[in-house]
Structures are given as C-alpha cells and as structure tokens.
Amino acid sequence: MPQDERARTPADVPVSEMEKLLSRALSRGGSFADLYFEHETTSSLLLEEEIIRTGSAGVTCGLGVRVVSGERTGYAYTDDLSWDAMARAAETAAHIASDPRTVPPQAVTAAPVQRRYGEQSLGELPLAERIALVERADRAARAFDPRVEKVIATLAEETRRVRIANSAGLLAEDVQPLFSMRVSAIAAEKGVRREGSAGGGGRLGPEFFEEKSPEHFAREAARMAVTLLGAVEAPAGPMPVVLAPGWPGILLHEAVGHGLEADFNRKGLSAFSGRIGERVAAPGVTVVDDGTIADRRGSLNVDDEGNATGRTVLIEDGILKGYLQDRLNGGLMKMPLTGNGRRESYGSVPLPRMTNTFMLAGEEDPEDILRSVPRGLYAKHFGGGQVDITSGKFVFSATEAYLIEDGRLGPPVFGATLIGNGPDVLTKVTRIGHDLRLDEGVGMCQKGGQSVPVGVGLPTTLVSEITVGGTKA
Amino acid sequence: MGYRDLATDLLKMARAAGADAADLLVAEGTEFSVTVRQGEVETLKEAGSKGLGIRVFVGKRTASSYTSDFSRPALQRLVEETVGMARATGEDAAAGLPDEMTPPEDVDLAMHDPSPSELPTEERIERARKGEAVALETAGITNSQGASWGSGEGSIILANTMGFMGGYRTSSVSLSVVPQAERDGQMERDYWYTTGRGLSDLETPEQVGRIAAERTLRRLGAKQVPTCQAPVVFDPDAAAELMGALFSAISGYAVFRNATFLKDAVGQEIASPLLTLVDDGRMHRGLGARPFDGEGLPTRRNVPVERGVLRFYVCDSYAARKIGAKPVGSARRGLGGGPGVGAGNLFFEPGETPPEEIIGGVERGLYVTDLIGFGVNVVTGDYSQGAVGHWIEKGTLTHPVHEITIAGNLNEMLKDVDAVGNDLLFRGSSASPTLRIRRMTISGS
C-alpha cells in the first residue's frame, strides 16, 4: 500500500547528510567521492491528424553516488532519498575502493554559479497555451502546400534540478530547463512520398518563440518534404561537398569531437591519441566546444560533476590543441578540467562529453564558395551521424542535399550517407564562409548508452573530397 | 509482487478522479555491471530502481504520466493531473484500451533464471577478466577497450480497468569484449558478446574473447574499394539490422502515418520468396519473450511476411483501429507514454545454404560485417549506410574494406535477396541468417 508521506526530494536533504554520505562513500578508501542529486519533471504533447493525440508527464528523482580510487570507479544509485537508502548506496559504491589510503572528505560549501540561462521553463506555460503552440505548427505545415498530407508536431519540455556535492568540498546547485519543438511533414505526389523535419528549442521559456515561431519550424519541415518530391538519385563516390551553415556542424561532432574526449585518449583508444600539437585540419580551421553560450541546448551552468563549464579550443588554425575533460580523466592525465563531465541521469556515471561544438567563421562569401564548385554536393540538412573513434571512420547522413552543377544548385537528391576519416577530413577544408550559424536546438548525442543534449554549428564550408554514398555510380 | 495492491488502488484513484478507463505498469528491477580493462576493474555499478506509469482515458481523450515516488500524496496528485491533461487533449476515435481482454495465461517461458544474480561478484569480475585476457593474449592485439559483464532482474505488473492484472519476472546476463589492434599506423577495434536469460545460455568467456580478437584482427589492412555496383553479402548481425528496418516499415503506426514505403502492400510480394519474417513473442528463454504484451493481450508467434508476401501489418489496439486491422500481441510499453508496436523475438527463417557457399557464389562483391550510420529511411525506402567488411573475388574473401557506403532502396533490396544462410543463431532478441543481395551501389574511392 502507498505510504502516506511524500517521498523526500533533493531539496529536502540537508548538507550535513551529504557530508555524512561522502564519509561513508570513502570509508573503505578512495581518493574522491561525489553525490549527484537529481529531480526531473517532464511533459510532452503529441499532435497528429489535427488532434492532440496525447499528453504525458513524469517526475523522476534520485541520487547517484560515485567513489573513485585510482582508475577504478564504484557507482550506485537510488530513487529513494531516505537516509537508509542513501547510506546503502554510498556503502555499495564504496566497495570498489582498493587502496587503504583515504583522502578525508572536506566540509562542503556552496560554490557560486555563473548562470547562462534562466530558471523559467516552458512547462510553466498553461497547458492550453502549450497546446496552442503545437496547433499553430500543425496548421502552418498543412497550409504550406496541398501536397502535405501528414503532419506530426511535438513539444517536449523538462526541468532538471541538481545538487552536486563532492569530497573536495564542492557544492553546486543548478536548475536546468530544456525544451524542444519538432515538426515532421510527409508530402505526396503521384505515388511518391517524401518526409521533411525541423525543430528547435533551448534552455529557456516561451520567449524563444518570439524569435523563432512554431510556424517557422512547420514551414521548414513542409518545405523540405515538398522539395524532396523532386529528388533524383544521389551520386556515389568521392566529390567536393559544400556543407550549409548550422546543423551540418554534426561533421565536427563525429569527425573530431568524439575522438577528442579525454577517456578515449587517456587509454590510447582514439585515432587522435597522442597527437596534440599536430596538424589535423587545414589552416584557418578553428573548432571549439563551448558550454557557456546563453540559452543553448548544449550549454550548462555547471557540468554534471558540479564544475563550471567553459570554452575549450580543440583545434586552432588547424593544429590539435586540447581534449574534453571530466574529473576522472583530467586527474589521471594531470590536465585542467574543462567542465565536460556529463551524465544522462543520476543512474549514470559521468563521462567526458561535448556541449556545443562548432567551427569559427572564415571570411568568404557563401555564394562564392558555391560558385567555385563545378560539380559536387550541397548538403543542407543531416539526420544522425556516427563514428568509430578507433579507426576514425565516421558517417553522417544527409536528409536534404542538392547536386551542384556549374557552381549552382541543381536538383535535390535522395538521402545519402557521407563517409570520411576523422583525422584527415578537416585537412581537406578549402573554403570557410563568414556565416557561422548554430543549429536550432534539437541535437542528442549517444555515448556508452547515455544520451545528452548537445549543439553543433558551422559556417558554409567546402570540403574538397568526401565519399558520398548515393546509388548512382 | 507487492505492487498488485498498489495497482488496484491506483486504478480506483483514477476512476475517482474522473477517468473512464485506465491502465498502468509498475516496474522494478536491479542492475549490475562491471567493466574490466587491462585486467583491472574500471567501473563497477550496482543499483535497484522502481517506476510506475499510468495512462488514463476520459471518453476518447487520453494522457499518461510516470513517477518513481510511490507515496500516496504524490500518486494522488499524479492521477489528478493526468486526468486533467487528458481532458485537454483531442477526441480520438481510435483511443482506448483493447476491445477485449482475457486473463493472463499461466505459461512458463523461462524468462527468469536466478543463476546470474546468484553468481558472486568476484566471479562476475573474473569472467570479464578472463574474456579480456584471452583477447589480449592473442598475437596482434595491442590494447583493449575493456570487457563488460552485466546482469539484471526485473519484474512488472500490468493492470487495467477491464479487470486485467498480470505480472512476470525477467532476468538477463551478458558478457562483451572489445579488443583493439594496431598495425602500420592503422588502429581497429571490434567486439563480440554473448547474452541470455541465465548463465547456461552464454558462450564461455574464452570463446567471446577469442572471437572478439579474431574479428578485430581481420579488420587490419583495410582499404577502400572503387565505387561500383556489385552483390553484397550481409553477415548475420548486419542482416539483422536490415530485418529491423523491414519490421519498422510494417508497423501499423507507419501505415496510418503514411510513413512507410510498404503502404497498401498486404497480400503483395514485398520481398524475395526466400524471406519469411517471424516475430515470436513466446520463444522459450527468448530475450523478447513475455506472456502478454504492453496492453495485456496474449503474445503469440506472428509471421507477418511469409515467403516474401506481406500477410498483415503489426498492430497494437490503437494502430489496428486506425487501419481497420486486429492487434497481434505486439504492443510494447515503457513507463512514460502509452504503448507502441515492438518486436518480441524477431528473425528471418533460415535457409539451407551454408554462409561459405553464399560467399563462394560471388564473383566480385562485398561481405559486410558491420554497418554504421542512420541512413535508413522507411518512409521512402532509401538506404545508405557506412560499411566495414571484406572484398570477395572469385568466391573468396581477399582483403578487409573500410570507409565505404552501400546504398540502394529497401523495396528493391528485399526483393533482390537471392540467398539465405542456414546460420540462424540467437544472441539477443532478434537474429538473422546470412543474406545476399543481388546488387547494390558501393561507394568508395
């Protein structure tokens, strides 16, 4: 039978209990322990066939306890924040420690947090107003063109409240709102069906829609679906590829970003291992990971280990400069932390992860870049990407792309995967536009079974040769 | 199974709050994992958790919610908010619980085996260590991404206001090894794994380590091949991915959304007559087995594609109402949201040809052992994926191949399957034998 008392949330746990838990966690030895308290509320709406088909909501809450002893990590979590359950988790995590030396935990004090986003979430909008947003998107997508036959619009939002304490004396607290709107449209003509999709969001409230309306995403999805009705076979083989600004920055995420995460490099598993200081990109190519950009999907005030996020230069003017660090790997590699320790939830161990990863703008006119290509591919929108960090081979799948014929856009092509080699694809960057754009805010990144929200960005970029996986050989 | 009373209580609360109907899922489980790298424990994780998801209907309007807080005030508020949310959604003629329910059957599918949780922690670590050690001792293996042992137990209760109340327990266990090799500046990794309900289902750590090492070493020396059109042989794991795409394309949801290249295709030959697709929700010890589905309907052995002919779309109650079909016991449900369609134990029926003969019958072509990317579009059938494998000349594997893509259209690819292997082997809930596709575009140098 249900208990009559509401369960405790992270806000109910006093600092004195946190300090006691950290002591328990280090009671068998170990150099470091941390606590990640999380309370998350979510809600979402799905509109389909002109009706709000369903709404859903949820709340999860829990504590993850980590004990680090050299290269070893012990981890336990609980969704019950009673003292007994939390103490059990701390003792379970403590079992991993093998070294008899204990670094005694320090008294915990709150660290100031520099805020990059507000606490207001879209979830605070009355339900009727959130419904109105998706209905606007649906109407706009269907009104775009009579060939649009199906529209799905969704709005998902969450607010995560975290309290992170560690044995080095840090206490960080953050409120992390996040939402995304997504629209997908299917257009049909003469038995041919094509799909378009668009979406956006960030760590902010309804003011987001003052700049980018639901109609903007709806029309974008509908435009893509209708445009692709005229698609022809994609070419096969190596060729010049012009990447449009914004979301095609997924190239950087797959080709270099994952390979520069510290865990892979510390263990010698990455195609970039031991290559700091070497040339991995053409002159002019500068790639950064920046978790501090206001209101962005990939941004955080503090990472999921409680450390301030930052701006890390990964590649500067073509030279490999640095890795993305979390506490464990930064400590073992004796390198400074970069605020990239992230986890999916209290049930997951932190890993070094990207935040917002992008290439800085160059000076060229995007039109000139396109005109410089006699024959090639112009890739405007991508679906997912994936990388094998060891061999360096990566793919990303173009969902909206066009042939380039004599420096001008030709017909759109069927979806095609592009494949390349991370350590050298950026050496083939020959022109960089002045039009850096970040994506609109719907990116998710998978690593080690954990998903976290990320951002990417790119100016118009010409890569002299990438293998395009079309059907027309 | 202490949560049956909670379920009954919650359904009453939902009714009292104004719901005309409701169903709910209560799940709890334990999780253990350990990763060993270079012989040392790297990460050890152990925990238990619980959660509850409820779906309510107010007339033909619906909403759902989930929580890990099982206290009465929290549940009361959750139920009231969910009913409030349902009232704000649109009337949907297809919404609702199943039309008819039967009580859960008492069938033993051997989904729970206590052996993984009875194995002492030290022994779990030792098996991971052994798997990795065998790989690391193999000549040519130079590094390791680690070996992982994982196990878990779970139990669920599903109940609804039509009087259904059922529950079951499950267990699972797995071992994987990921070795790495380096030669002439080229680094490669591959993996092997074994999984099942209990220890007796597993390959030995030595086998897993040895196969992982072999798979890694055979990637060394890989190069691109020139862009061409040629036959492509999919190894069982690669073929299973293709099979998954076919399953998505025949989901009732894809059909009413016009989001499949196989719309209006029931009764038609959509694939080679060599292909028969089976989704068996009741395979003994199968990792996809369960006595009833996510709506409480009895599971069964479905054959949606028989000798190339599409017999029916795979539907839960909602999709079935949308397209005028019947639910087939394939509803999948998580804690958040309502059910959708998902596979139980999915496989292509094996053929009679040994895989060596399938490769042997190729004059010049590609043998694919790994696919990466997201280039499969079931709306249009467009298919374009990154691939790793071996080049075939005169029926023999010659050299490893990488940094290429294979592309085609699923519609044609399924019809172009001209050989099906006799090598069906379940490792996980879905499996395929080796398949050969007559012709695809290979994009390389």
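1. Which domains does the domain assignment of chain B give? It gives domain 1, residues 4-217, and domain 2, residues 222-445. The model discussed here is a predicted one. In chain B, the C-alpha centres of domain 1 and domain 2 are 24 Å apart. Their contact takes 33 residues from domain 1 of chain B and 24 residues from domain 2 of chain B.

2. The side of domain 1 of chain B that touches domain 2 of chain B draws on several strands. Strand E1 (21-37), E2, strand E3 (61-67), strand E4 (141-160), strand E5 (165-183) and strand E7 (192-196) of chain B each supply at least two of its residues. By class, this side of domain 1 of chain B has 17 nonpolar, eleven polar and five charged residues.

3. Chain A is divided into domain 1 (10-110), domain 2 (122-159 + 174-228) and domain 3 (236-469). Between domain 1 of chain A and domain 2 of chain A, the C-alpha centres lie 35 Å apart. The contact takes eleven residues from domain 1 of chain A and 14 residues from domain 2 of chain A. On the domain 1 side, E1(A) gives the most, with nine residues. That side of domain 1 of chain A consists of four nonpolar, four polar and three charged residues.

4. The two chains also touch each other. How many residues of chain B are in contact with chain A? There are 71 residues of chain B in contact with 69 residues of chain A. Strand E2 (residues 40-58) of chain B gives the most to the chain B side, with ten residues. By class, the chain B side has 20 nonpolar, 34 polar and 17 charged residues.

5. Strand E2 of chain B also pairs with a strand of the other chain. Strand E3 (residues 72-78) of chain A and E2(B) run parallel and are joined over five bridges. Within E2(B), B:Leu44 is the residue that stands opposite A:Gly74.

6. Helix H1 (residues 15-25) of chain A has buried residues at A:Met18, A:Leu21, A:Leu22, A:Arg24 and A:Ala25. Why are they on the same side of H1(A)? The reason is that they cover an arc of only 160 degrees around the axis. The general rule behind such a pattern is that an α-helix has 3.6 residues a turn, so residues three or four places apart point the same way. The cover over the buried residues of H1(A) includes strand E1 (32-48), strand E2 (51-69), helix H2 (83-94) and strand E5 (148-166) of chain A.

7. A:Ser27 lies in the loop between H1 and E1 of chain A.

8. Helix H2 (residues 72-88) of chain B has 17 residues, which at 1.5 Å a residue should span 24 Å; the end C-alpha atoms are 25 Å apart, so the two values agree. The buried residues of H2(B) are B:Ala74, B:Leu75, B:Leu78, B:Val79, B:Thr82, B:Val83, B:Met85 and B:Ala86. These cover an arc of only 160 degrees around the axis and therefore lie on the same side of H2(B). What they pack against comes from both chains: E2 and helix H3 (127-144) of chain A, together with helix H1 (4-16), E2 and E3 of chain B.

9. Chain B holds an open sheet of five strands with mixed pairing, in the order E11-E10-E9-E14-E19. Strand E11 (309-310) and strand E19 (430-431) of chain B are the edge strands, as each pairs on one side only. Inside this order, strand E9 (residues 277-280) and strand E14 (residues 345-348) of chain B pair in the antiparallel sense over four bridges. B:Asp279 has B:Leu346 in E14(B) as its bridge partner.

10. Two loop residues of chain B deserve a check of their backbone angles. B:Arg285, in the loop between E9 and strand E10 (301-306) of chain B, has a positive phi of about 65 degrees although it is not a glycine. With 17 C-beta neighbours inside 10 Å, B:Arg285 counts as partly exposed. B:Lys394, in the loop between strand E16 (382-393) and strand E17 (396-409) of chain B, has a positive phi near 50 degrees and is likewise not a glycine. B:Lys394 counts as exposed because it has 9 C-beta neighbours inside 10 Å.

How values were computed:
Residues are numbered from 1 along each chain as its sequence is written. Chains are lettered from A and ligands numbered from 1 in the order in which they are written. This is a predicted model: local features need pLDDT of at least 70, side-chain atom pairs count only at pLDDT 80 or more; totals for chains, interfaces and linings use all residues. A residue is buried if 20 or more other C-beta atoms lie within 10 Å of its own, exposed if 12 or fewer, and partly exposed in between; C-beta atoms are placed from the backbone. The arc is that of the directions from the helix axis to the C-beta atoms. Two residues are in contact if their C-beta atoms, placed from the backbone, lie within 7 Å. Ala, Val, Leu, Ile, Met, Phe, Trp, Tyr, Cys and Pro count as nonpolar, Asp, Glu, Lys and Arg as charged, and the others, Gly among them, as polar. Two strands pair if DSSP finds at least two bridges between them. Domain bounds come from an automatic or database domain assignment. The expected span of a helix is 1.5 Å times one less than its number of residues.
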